[in-house]
Amino acid sequence: MSATLTLYNSLTRSLEPFAPLDPEKGVRVYSCGPTVYNYAHLGNLRAYVFTDTLSRVLTWKGYALTHVINITDVGHLTSDADAGDDKMEAAARAQAKSIWDVAAHYTAAFKQNIADLNIRQPSRWSVATDHIEAMIDFAKQIAPEHCYELDSGLYFDTSTVADYGRLAGTQDDVREGRIDPVAGKRHAQDFAIWRKSPPGERRQMEWDSPWGKGAPGWHLECSVMSLKYLGAPFDIHTGGIDHREIHHPNEIAQNQAYCGCNDTGAHFWMHNNFLVDRQGKMSKSKGGFTTLQSLIDAGVHPLAYRLLCLQAHYRSELEFSAENLAAALTRLKRLVMTVRKILPELASGAGTSEAAQDAEAVRPWLDRLDEAVSDDLNTSRALPILDELLADKRLSPEDKAAALAEFDKVLGLNLLTLTREELRVRPASATLTPEEISDRLVERQQARVVKDFQRSDTIRDELAAAGVEVMDGDPLGWDWKPSL
């Protein structure tokens, strides 16, 4: 794919041409993963649709890729910065469960979300608690010149590194007001490298260290695991835009201390914007949040949420509403129905070759796709091109199938294989079985044959009351109406 890939680098606040730092090593990407104390909400999951798009585009453009996503099962405090209790310890207390069981449950749930959204598996899942000794060794190395000890733990002195806060666009975090005001800290923005267990208290997760029994700070784990698996510097570090303000600047400070240089640890720092509802950005800390499973339970196929994300640029805020989600589901259904109409052999399961019968006919469409996604992963530009492709009557079904296979590699919507039957997701609240619905539709059809339209309308209304939408003229005859 010949278009030059340009990506937005949060560090420079500019679009820059991308090339691997070391072509022999391919592209090395580290993505901040979930803290597994609760189910991921949809705002969390937008970050992984973004990183999946990045990894798909890199692979599609011919780069070898090593992608690491971490699992945070210790150290992340109850604010999204550096204040409060450990989220994992708090969740374990609230649920009266082992912290290890809490971590295992929510890790499995997150990975199911990843599968449901057709997000590709990373090269490695890296679990924080598997790397405690490496974190202690890292802290030992940077402590003499960059850290100081207080009764509550080991803290990083941010004045000891160059340009602290450059990524956030500020030299301090006064305007954020999100740093733990620990007595004795030298600077307000100094952060914990190691937190000592309070006297008389025993954490479920704690380890011995030169600074006392306790647990690592949240920021430490990403520096340690990215260095271990990707080396330094590596190519791209991703995360949500909230990470740009504190977590990632703190990572950069640790990386600079460790290497004894001004290198940030990654060449590109990339951040997706918030998913917002009408009350503001989506957040678990507010209580009451929308999960992917809640959408599935409402009768929405998870790929509708993926499509909703792809319709906006990853750096733009994306409004989440029932109306926007329903529109994305309708668009997905139309795409699937269009594919099945123009490629009937796919509907029968015969499949098709990805090799185009007429490469010259397909090439312009792939060039346009390349130009769109090479422009900072602009999937919102790519989707209308897909619509035009499917509507082009000059292309043979074989050529459309070949082009569509390439679009699927990048967009991950599975349009070559997804069927309307699969999009018919039964809401958890449904009171009818598919068999009962089919029986009622047969009864309705019989009423229509004898021109008993009153009976026909009554059955239609009864089905609607049960959450079933009757669609006359559609090959499937009915669909679940999502209960959004």
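**Labels and their cut-offs**

Mentor: Start with helix α8, whose buried residues are Pro302, Leu303, Ala304, Tyr305, Arg306, Leu307, Leu308, Cys309 and Leu310. The model is predicted, so local features need pLDDT of at least 70 and side-chain atom pairs pLDDT 80 or more, while totals for chains, interfaces and linings use all residues. Residues are numbered from 1 along each chain as its sequence is written, and side-chain values use heavy atoms, without hydrogens and water.

Trainee: What makes α8 a helix, and why is it described as largely enclosed by the rest of the structure?

Mentor: A helix is a DSSP run of H or I with at least four residues, a strand is a run of E with at least two, and both are numbered from the N terminus. Buried means under 20% relative accessible area, exposed means over 50%, and partly exposed lies in between, with a 1.4 Å probe and protein chains only. In α8, 9 of the 9 residues are buried, so the helix is largely enclosed by the rest of the structure.

Trainee: How do you know that Arg306 is buried or exposed?

Mentor: Arg306, in helix α8, has a relative accessible area of 0%, so it is buried.

Trainee: Which backbone oxygens does the side chain of Arg306 reach?

Mentor: The side chain of Arg306 comes to 2.9 Å from the backbone oxygen of Leu117 and to 2.8 Å from that of Leu411. A polar contact is a pair of N or O atoms within 3.5 Å; within protein, one must be able to donate a hydrogen and the other to accept it, and residues adjacent in sequence count only if both atoms are side-chain atoms. Contact in general asks for heavy atoms within 4.5 Å.

Trainee: What makes Arg420 buried, and which side chain does it join in a polar contact?

Mentor: Arg420 is in helix α14 (residues 420-423). Its relative accessible area is 9%, so Arg420 counts as buried. The side chains of Arg420 and Asp474 are joined by a polar contact of 2.9 Å. Not counting residues up to four places away in sequence, Arg420 also touches residues such as Lys333, Met337 and Trp478.

Trainee: What volume does the largest cavity have, and why is it called a cavity?

Mentor: On a 1 Å grid over the protein atoms alone, a cavity is a set of points where a 1.4 Å probe fits but cannot get out; a pocket is an open set with protein on both sides within 12 Å along at least five of seven lines, and lining residues have an atom within 4 Å of a point. Grid points are joined across faces, edges and corners, and a volume is the space filled by probe spheres set on the points. There are 2 cavities of 30 Å³ or more, and the largest has a volume of about 110 Å³. Its lining includes Arg46, Phe50, Cys309, His313 and Thr379. Helix α1 (42-60) and α8 (302-310) each supply at least two lining residues, and α1 gives the largest share, 4 residues.

Trainee: How do the residues of the lining of the largest cavity divide by class?

Mentor: Ala, Val, Leu, Ile, Met, Phe, Trp, Tyr, Cys and Pro count as nonpolar, Asp, Glu, Lys and Arg as charged, and the others, Gly among them, as polar. By that rule the lining of the largest cavity has 7 nonpolar, 3 polar and 1 charged residues.

Trainee: And which classes line the second largest pocket?

Mentor: That pocket has a volume of about 510 Å³. Of its 20 lining residues, the closest to its centre are Asp85, Lys196, Pro198, Glu201 and Arg203. Its lining divides into 5 nonpolar, 4 polar and 11 charged residues.

Trainee: How do you know that β6 and β7 pair?

Mentor: Two strands pair if DSSP finds at least two bridges between them. Strand β6 (residues 147-150) and strand β7 (residues 153-156) are joined by 4 bridges and run antiparallel.
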